[in-house]
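Me: Hi! I'd like to talk through a model with you. Here it comes.
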Amino acid sequence: AADIIKLAMIELDRTTKARGLKGKMTLQVHDELIWEVPEEELEELEQLAREIMEGIIELSVPPPTAVGAGHNWAEMA
């Protein structure tokens, strides 16, 4: 699981930079990634995160990916 999240973090960072997105990954806690994202990029980053997290490696059952948004970490729960 740790290797999967690391691969996803690398790919998310590479892809957001390549697309010129302003959102920044600020924190990783276990299997959660915390981002600061301009509101106009939120939908695109949510979709991108799902695609990358669920497809970073091929598994017989794709891992579930939950995406939440809020003004602080407590609002995302």
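Me: How many bridges join strand β1 to strand β2?
Reply: Five bridges join β1 (residues 24-29) and β2 (residues 32-36), and the two strands run antiparallel. Strands here are DSSP runs of E with at least two residues, and helices are runs of H or I with at least four, numbered from the N terminus; strands pair if DSSP finds at least two bridges between them.
Me: And what kind of model is this?
Reply: This is a predicted model, where local features need pLDDT of at least 70 and side-chain atom pairs count only at pLDDT 80 or more, while totals for chains, interfaces and linings use all residues. Residues are numbered from 1 along each chain as its sequence is written, and side-chain values use heavy atoms, with hydrogens and water left out.
Me: Thanks! Which residue in β2 stands opposite V29?
Reply: That's E32. Likewise, L27 has I34 in β2 opposite.
Me: What about the turn?
Reply: β1 and β2 form a hairpin with two residues between them, and H30 in the turn has a positive phi of about 55 degrees.
Me: Switching topic: how many salt bridges are there?
Reply: The count comes to three, taking a side-chain nitrogen of Lys or Arg within 4 Å of a carboxyl oxygen of Asp or Glu.
Me: Where do E11 and R14 lie?
Reply: Both are in helix α1, three residues apart, about one turn of the helix.
Me: Which residues of α1 meet α2?
Reply: I5, A8, E11, L12, T15 and T16 do, and their partners in α2 are L45, L48, A49, I52 and M53; contact means heavy atoms within 4.5 Å.
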